[in-house]
Amino acid sequence: MGDELVGRQRERDVLDGLLQAVRSGQSRALVLRGEAGTGKTSLLGHLAGRAGFARVLRVSGIESESEIAYSVLQQLCAPLLGGLDAVASLHALDALAEPQRAALATAFGLASGPPPETLVLGLGVLGLFGEATRRQPLVCIVDDAQWVDDASALILGFVARRLSAESVALVFAVRDSPVLSGLPEMAVEGLAYADARALLDSVLTGPVASHIRDRIVSETRGNPLALRELPRGLSPAELAFGFAGASTAPLDSRMEQGFQRRIAALPAEARTVLLVAAVEPVGNPQLLWRALERLGLGPADAAPAESDDLIEFGAQVRFRHPLVRSAAWRSGTGPDLRAVHAALAAVTDPETDPDRRAWHRAHASLGPDATVAAELERSAGRALARGGWSAAAAFLERAASLDPDPVRRGELLVSAASARADAGAYGSVPDLLAAAEMGPLKPLAQATVESLRARVAFRLHHGRAAGPPLLAAARRLQTLSPAAARDTFLMAVGAAMYAGRFGADDLRVAAEAARGSLVATSTTFPDLLLAALVSWVLDGRAAAAPAMNRALDAISDDGDLGHVWLAAAVAYEMFRVDLAYRITAQSIRVARESGALQLLTDALSIRSNSLIDAARFSEAEDLLTEADAVSSATGATVYQLSRLHLAGYAGPAPEVRALFDAKVQDAVDRGDGRLYTLATRSRAVLGNGLGEYPAAVEAARDTYAHGELALATWALRELVEAAAYAGDAVAAAEARDLLRERTSVTPTGTARGLQALADALAGASVAAHGATPSPGSGIEECFRSAIGLLSVPETAVQGYRARLLFGEWLRRQNRRAEARVELRAAHEALSTIGARFLAARAERELAATGESVPKRAGGGRVELTAQEQAITQLAARGHTNPEIAAALFLSPRTVEWHLRKIFAKLGITSRRELAAAIRDRS
C-alpha cells in the first residue's frame, strides 16, 4: 500500500521511542501534524509494522461521517468489545464499573439510557484500554483526525491526556484540529532535498532535466505523496513546466485531482467499487460486498482498482491514502451516489445501526420524503441522547431538506440552528436561520430565530451591543414560550452585567423588563436565579440575599447548569465558595455530556477559577489550555476571569502587566465592562503580591466602585490589605466596614474568615498609627480565626495568604520565632503552588526575621508528587483502585502503577502501612 518510507530518520526515532516506552509498560500519546501528503499515513504504517508485540487498532476519520456522534470511537473500540455484536459487546464491558459500563453501552447504541457523562465515558474508555493491555500492549492509531466527529475527538483527547501506565499508545495524524491541541506533537513536513530528489527520480519514467527536477521538488516542498503521484501519466513535455505550470491550486487539491484522473481511467465497475468503499465508513468488507452484490458487482470488478494500488481488500478495506477516498467520493455523480447510498441502506441493519441506515436513506432520496425525514428526526433525538449536538444538527438539516411541509421544514431548520449553537458551531447558525426565514414560520419559531441570533452575537462578543437584541427577543417570547423567555431574559441580564460600566442604564432596564415575566410560585433553579438577579439589581444586595440563596439551594435539586456563568458569580457574591467549587465541577460534566461546546468554554474557565482559589494552579492552567482550544474551534469569546486571576498570582510581572493592559484596551473597544473590572481586580491582587500597595489601592477601589456581581465584594478583601500596608488606616477601616455590611448578611465560613482577616488588618493599621482600635476581638485572635476558617480546600489560597499576613504582623511585633513558623508554612505552600509574587514576599519577610529560606527538598527525604499524595490519602482511607481512579480521572492500571512507586518511596510493602507512613511524614 505504498507505506514504505524514504528518509524520515528523525520521525522513525520518535515513533520507535514511543513503542519502546509502551513495551516497557508506559503509555504515550502523540499527534502527527502536517499537510496532506507529507507522509503521516506512511509513518502510521511504519508504527503499525513495528508494533508486532502489541495489539494494533487502526481507524480513520471520514469527512462524510464527521457529524455522526461517537462513530470513530465506536470503530476504535469495537475490536475490544468482540466486534459489533451487541451481546458480545455488553459481555466485554463486564469488567468495568457500572457507571462506565452504562456510559459506553449508551454511547455505542448497545443500550438505551440518559446521555453519558463525558468524564465517565472517558474513564470507561480508559478502563477498556486498561483491561485490553492485561493481555498485551495496545497501539491505537487514528488517521485523518481532522474528520473525527466532535464527540469522539473530545473523548479521545480526554483519554490521551490521562494515559499513564496502561501500556497504551494513542497516535493521531491530523492536518488541523484544535481539539487535539495541548497533546505532544511532531510536525511532519516535506522531505529533505536529497531524499525528495531520490523519491522523484524513482517515479519518473523518462528523461527530465535536472533543473526541472529541482523545480518540482521546490514546488512540492518535498511532499512525498505529491512527488509520487503527480508525475503519473504526465509526458516529459508536461513535466517540463513543473506539475502544472503556473497552477495556483493548493497542493492537496492537485494531488486529489491526480487521483481523480487515475480513477477516471478505470472501468466503470471499478469506479463504482471505489465509490461504495468511499461512502461506507467502517471498512467492513462483508457489508461492502453485500452492497456491491445489490449493484450487480463482485470481487472481479474490484481487481483493476486494487492492481492500480488505490485500495486494498483484506480483513478491513483500506484506501491507498485518505485523498483516494475523497477523490473517489467527489468523482461520483449524483445518480451514482444515490444508488450507492440506497444499496448501503438496504444492507445496513435497522436494529443495530438505525442512524447510519437513516443517513444512507436520506442521501439516496431524490426528492421530498416525509418518511425518511421523520426517520432522520428520530435519529436526531437519539444523537442528543448520546450527547451529539453536531450529529443532531446534521440529521435535522437533512430532514429539513426532505420534509415536504414548508412550515415543518422551517421548524426543523430552526432546531438545527439551535443544535449548531449549542455545539459551538456559531458560523453555521446565520445561514440556517436565513434559510428558515425563507418559508413561513409560526410566531414561536420566528421569535426563536431572533433569540438565536442575539444569543450567538453575545457568545461571539461580550460587549454592550449584544444586550438590546437579547432583551427584545425575550420580550417577544414572553407570550409564546415562558421557559424560552426566561432563559433569554437571563442571558439579557447577564449581557447587561458584562457591559457593566459601559452599559449606562442597560442593567436596570433589563431587570425591570424581566421582573414582569417572573413566576412567583416556581421553585426551579432558572426561575429562582432570574428572580434573584432581578432583585439584586432593583432592590439591593441585602434585600436580594434570601432570594439568591434560595436559587443556589435549588441547584442540587434541579441540576440545570446551563447558566453556570451566572450561578457561580452568585455563589461568590454570597460567599458560598464551597458551592461554587461543587457546581463548577458539575458544569464541566454537564457541558461534556451534552456535547455543548458553547457551555464548555465557560465551564472550563469558571472551574479553573475555583481551582485557583483551591491552590491547584497547575490543574487550573490545564483547563484554561483546553478552554483556549475549544474557543478556537467555536470562535466564542472566552470568559477571562480565570486567566487574569491566575496571572495576578503567578506572573511573571512584565508579561502580566502587558496582559492586563491588553485586556483593558480590549474591554474598552468592545464595551465589555466586566472584562475591564476583572483586569482591575487582578491588578489589585498583583499589587498586593508585589508590595506595590498604592497601586493595589487604586485598582481595588476602581473594581469596587462599579458594584459588579461578586467582583465588587471580593475587591474589598484586596482593598483592606492594600490600604493597611499603604499606611492609610482610614481607608482600611472603611473597606473593613463595607465588607462587614456584606458578610453579616451571609455569614458563611468564608465570609467570617474574610471578615476576621479584614478586622485584623484594619485593626493592626489603626494601632500602628496611634489611633484607638475598633471594639471587638483582638488582632491576634482575628488572624488565628481567619486562618482556621480559610484553610479549607475551597479557599486554600486565602488561607495561605492569611498565614503570610499573620507572620508579617508577628515579625512587626518582634515575635520572630513565632513569625518564622507562619512564614515558613506560607512560603512553602505559596512556592509549591506557583504563587511567585506572594512566595517572594514571604521569602523577604523570613529574611527580615534573620532566617534564610529553607530548601524545599532536603535531608534525603523523598517527596511525593501532588498526584501521589492524593492517591496515598484515598488509599489510606480504604478506597479501592477503581474508586481512586474514578475520583482522580485515571485508569485503575495507572493507580496500581502509582501505588507501587508510592510504596517504594515510603519504604512500605502494603496498603495497611499507609496510614502510619503518612503520620511519620507529617
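How many bridges pair strand β1 with strand β4, and in which sense? Strand β1 (residues 28-33) and strand β4 (residues 168-174) pair in the parallel sense over 6 bridges. Helices and strands here are DSSP runs numbered from the N terminus (helices are H or I of at least four residues, strands E of at least two). Two strands pair if DSSP finds at least two bridges between them.

This is a predicted model, in which local features need pLDDT of at least 70, side-chain atom pairs count only at pLDDT 80 or more, and totals for chains, interfaces and linings use all residues. Residues are numbered from 1 along each chain as its sequence is written, and side-chain values use heavy atoms, with hydrogens and water left out.

**The sheet**

The open sheet has 5 strands. Their order is β2-β3-β4-β1-β5, with parallel pairing. β2 (55-60) and β5 (185-187) stand at the edges. Each has a single partner strand, so one side of each lacks a neighbour in the sheet. From one strand to the next, the twist averages 15°.

Axes are lines fitted to C-alpha atoms, for helices over the stretch in contact; angles run from 0 to 180 degrees between N-to-C directions.

| Helices | Axes come within | Crossing angle |
|---|---|---|
| α38 (residues 711-726) and α40 (residues 749-768) | 9 Å | roughly 20° |
| α23 (residues 443-460) and α25 (residues 482-499) | 11 Å | roughly 30° |

The angle makes α38 roughly parallel to α40, a term for angles under 35 degrees. Their crossing is left-handed: the near helix is turned anticlockwise from the far one by less than a right angle. In α38, the contact residues are Trp-714, Arg-717, Val-720, Glu-721, Ala-724 and Tyr-725. They meet Thr-750, Leu-754, Leu-757, Ala-758, Leu-761, Ala-762 and Ser-765 in α40. Contact means heavy atoms within 4.5 Å. By class, this contact has 9 nonpolar, 2 polar and 2 charged residues.

Helix α23 is roughly parallel to α25. The crossing of α23 and α25 is left-handed. Ser-451, Arg-455, Phe-458 and Arg-459 in α23 meet Thr-488, Met-491, Ala-495 and Tyr-498 in α25. The contact of α23 with α25 has 4 nonpolar, 2 polar and 2 charged residues.

Key: Parallel < 35°, antiparallel > 145°, perpendicular 65-115°, else oblique. Nonpolar A, V, L, I, M, F, W, Y, C, P; charged D, E, K, R; others polar.
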